[in-house]
Amino acid sequence: MTTVSGTRETWFRRFQQAAPDAVQLIALPHAGGSAPYFLPLARALAPAVDVVSVQYPGRQDRRLEPAAEDLNVLADQIFDVLDAKPGTPLVLFGHSMGAVLAFELALRLEKEVGDVPLGIIASGRRSPTRHRDEVVHERGDAGIIAEMKELAGTDPGVLADEELLQLVLPALRADYRAVETHRHRPGETVRAPISVLTGESDPRVTLEEARAWEEVTTGAFSLRSFPGGHFYLNGRQQEVTAAIRESIAAFRAAR
């Protein structure tokens with residue numbers, strides 16, 4: 001595994017207290033995203049679910065650290081700090097780039113630890129088996145900003161603030177490079193069940209591409225779509241929270 005810098009506190013953020021027997025939900029943000037993106041979800045799911053949000057290097061309080069440009073390196077780093085133990089009631093939830101990271105983490109957990117995770121919730125991302133040639137990371141700043149505007153997941157205040165944009169663009173470009181150059185290794189599957197959540201009008205994920213997540217698990221599979229685009233979950237918090245609760249309950253029942 002790749003050498004990792006920082007402590008658990010560097011990488012993982014908790015925003016709410018959880019019950020002692022809570023399921024732990026490792027929440028992995030999208031490209032350019034940061035741990036506080038999942039604050040509303042943490043509040044909605046507490047105390048039955050312990051939402052642990054991942055803070056990638058290169059942003060906010062970690063802005064002086066180099067952002068990872070390789071998704072496998074990033075997955076290795078998170079896995080090393082996670083230090084999961086057999087029997088841990090663990091669910092991986094990732095949105096967009098985070099969904100690919102969730103799958104890569106599950107591969108590492110199943111290989112190195114054995115019986116975790118309980119399941120994967122993949123949001124806003126096509127299956128790893130459905131590759132698209134995308135080169136957003138090769139665009140100039142204006143091209144990356146255009147992508148942010150099209151996906152409509154960035155605070156308009158950020159887009160209007162040139163100084164703030166210059167702070168976030170390096171990490172965003174690195175994230176895009178990481179996810180766009182990542183390739184699924186043919187034949188690799190997980191045993192963990194996968195629940196997929198997707199926006200009906202997501203320009204980056206078709207329903208067929210979302211359904212293809214079924215190809216990478218030997219466990220149970222479910223798919224649920226919501227009105228909205230790539231960041232459908234921003235306007236569907238109650239529905240998405242309910243879907244996550246249902247998925248976790250199904251994962252636990254299967255055990």
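Val-73 is found in helix α3, where helices (H or I, at least four residues) and strands (E, at least two) are DSSP runs numbered from the N terminus. The model described here is a predicted one: local features need pLDDT of at least 70, side-chain atom pairs count only at pLDDT 80 or more, and totals for chains, interfaces and linings use all residues. Residues are numbered from 1 along each chain as its sequence is written, and side-chain values use heavy atoms, with hydrogens and water left out.

At 28% relative accessibility, Val-73 counts as partly exposed; on this scale, buried means under 20% relative accessible area, exposed over 50%, and partly exposed in between (1.4 Å probe, protein chains only).

Turning to the chain as a whole, its secondary structure comes to nine helices and seven strands. A compact globule of 255 residues would have a radius of gyration near 18 Å, and the chain agrees with this at 17 Å; the radius is taken over C-alpha atoms, and the globule rule is 2.2 Å times the number of residues to the power 0.38. Along the principal axes, the C-alpha atoms fill a box of roughly 50 × 40 × 35 Å. Buried residues make up 51% of the 255 residues. Of the contacts (heavy atoms within 4.5 Å) with a separation of 6 or more, 81% are between residues 24 or more positions apart.

Strand β3 holds Asp-50, which is buried, with a relative accessible area of 9%. Its side chain makes a polar contact with the side chain of Arg-14 at 2.9 Å; such a contact is a pair of N or O atoms within 3.5 Å, where within protein one must be able to donate a hydrogen and the other to accept it, and residues adjacent in sequence count only if both atoms are side-chain atoms. Beyond its neighbours within four places in sequence, Asp-50 is in contact with residues including Ala-18, Val-23 and Leu-25. Between Asp-50 and Arg-139, 89 residues apart along the chain, the C-alpha separation is 38 Å.

The loop between β3 (49-54) and α3 (71-82) contains Arg-59. This arginine is also buried, at 6% relative accessible area. A polar atom of the Arg-59 side chain lies 3.1 Å from the backbone oxygen of Gly-33. Setting aside neighbours within four places in sequence, Arg-59 has contacts that include Ser-34, Ala-171 and Asp-175.
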